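Please walk through this protein with the sequence and the model side by side.

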Amino acid sequence: MNNIILITGADGSGKDTVAKLIAKEIQNSSIHSIKGICVGMYQDLVSVNWNKLSGAEKRIHRPVFSNFCEGIKITLGKRVFAEYLAKKLESQDDTTFIVPDWRFKEEYEVFREKFNLIKVKVIGTNNESVITDDLSEYVCWEIDSRDSIERTKKTIKSRIETLGL
């Protein structure tokens with residue numbers, strides 16, 4: 001069974017940075033975003049490349065995109081993007097997958113069924129988030145992104161060595 005590292009934290013807390021640091025420490029790992037699945041669906045339907053949009057264009061699309069993703073979750077349930085991602089990951093060769101945007105308990109349930117779970121909470125300067133379930137009961141370890149980058153790297157390396165990854 002493959003490993004999956006689920007990372008949670010408030011907007012702007014450093015989840016993506018922590019994901020990249022973890023990926024550098026683990027061979028055969030890759031980063032996959034739940035939000036990325038929704039971005040892909042949105043891009044296909046609207047015929048737009050999110051990465052090529054200017055800041056002004058993204059500000060125009062962001063509320064539409066958010067409503068689009070929220071509508072899918074309301075219609076199909078909070079598990080829908082996690083189920084899609086889990087199915088995609090099961091067919092890949094990497095042994096450890098890193099998901100830097102874990103937000104809901106239902107996503108945890110999906111991944112728990114299919115992977116060995118490692119759950120990380122990133123604490124940063126902004127620790128308030130209105131779109132995240134309270135996931136504190138699920139967290140295995142915390143990383144404080146307010147620490148220096150060197151200290152954060154040491155913490156990550158130590159945790160990964162302890163887990164034997």
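**Cores, contacts and charged pairs**

At 53% relative accessibility, Arg 151 counts as exposed (buried means under 20% relative accessible area, exposed over 50%, partly exposed in between, with a 1.4 Å probe and protein chains only). Arg 151 forms a salt bridge with Asp 147, with 3.8 Å between the closest N and O atoms; a salt bridge here is a side-chain nitrogen of Lys or Arg within 4 Å of a carboxyl oxygen of Asp or Glu. Asp 147 is partly exposed, at 28% relative accessible area.

This is a predicted model, in which local features need pLDDT of at least 70 and side-chain atom pairs count only at pLDDT 80 or more, while totals for chains, interfaces and linings use all residues. Residues are numbered from 1 along each chain as its sequence is written, and side-chain values use heavy atoms, with hydrogens and water left out.

The structure holds seven salt bridges. Another of them joins Glu 113 and Arg 79, whose closest N and O atoms are 3.6 Å apart. Glu 113 lies in helix H5 and Arg 79 in the loop between H3 and H4, so this pair ties together parts that are 34 residues apart in sequence. Helices (H or I, at least four residues) and strands (E, at least two) are DSSP runs, numbered from the N terminus. Both partners are partly exposed, Glu 113 with a relative accessible area of 48% and Arg 79 with 27%. Arg 79 and Glu 113 are also linked with Glu 83 in a network of salt bridges.

Being three residues apart in H5, Arg 112 and Glu 109 are separated by about one helical turn. Arg 112 is partly exposed at 45%, and Glu 109 is partly exposed at 23%.

We turn now to the nonpolar side chains. In soluble globular proteins, nonpolar side chains tend to be buried together. A nonpolar core is a set of buried Ala, Val, Leu, Ile, Met, Phe, Trp, Tyr and Cys residues joined through side-chain atoms within 4.5 Å. The largest has 27 residues, and those with the most contacts inside it are Ile 4, Leu 6, Phe 65, Phe 81, Leu 85, Phe 111 and Phe 115. Two or more residues come from each of strand S1 (3–8), H2, H3, H4, strand S3 (96–99) and helix H5 (105–114). H4 gives the most, with six residues.

Leaving aside neighbours within four places in sequence, Ile 4 is in contact with residues including Leu 89, Phe 97, Phe 111 and Phe 115, where contact means heavy atoms within 4.5 Å. A second, separate core of 15 residues includes Ile 22, Ile 118, Val 122 and Ile 156.

How do H2 and H4 cross? The axes of helix H2 (residues 34–46) and helix H4 (residues 80–90) come within 9 Å and cross at roughly 95°. That makes H2 roughly perpendicular to H4, a term for angles of 65 to 115 degrees. Ile 34, Ile 37, Cys 38 and Met 41 of H2 make the contact with Phe 81, Tyr 84 and Leu 85 of H4.

Two loop residues remain. Asn 28, between helix H1 (15–25) and strand S2 (29–31), has a positive phi near 55° and is not a glycine. Ser 47, in the loop between H2 and helix H3 (55–76), also has a positive phi, of about 55°. Asn 28 is partly exposed at 49%, whereas Ser 47 is exposed at 66%.

Note on methods: Axes are lines fitted to C-alpha atoms, for helices over the stretch in contact, and angles run from 0 to 180 degrees between N-to-C directions. Angles under 35 degrees count as roughly parallel, over 145 as roughly antiparallel, 65 to 115 as roughly perpendicular and the rest as oblique.
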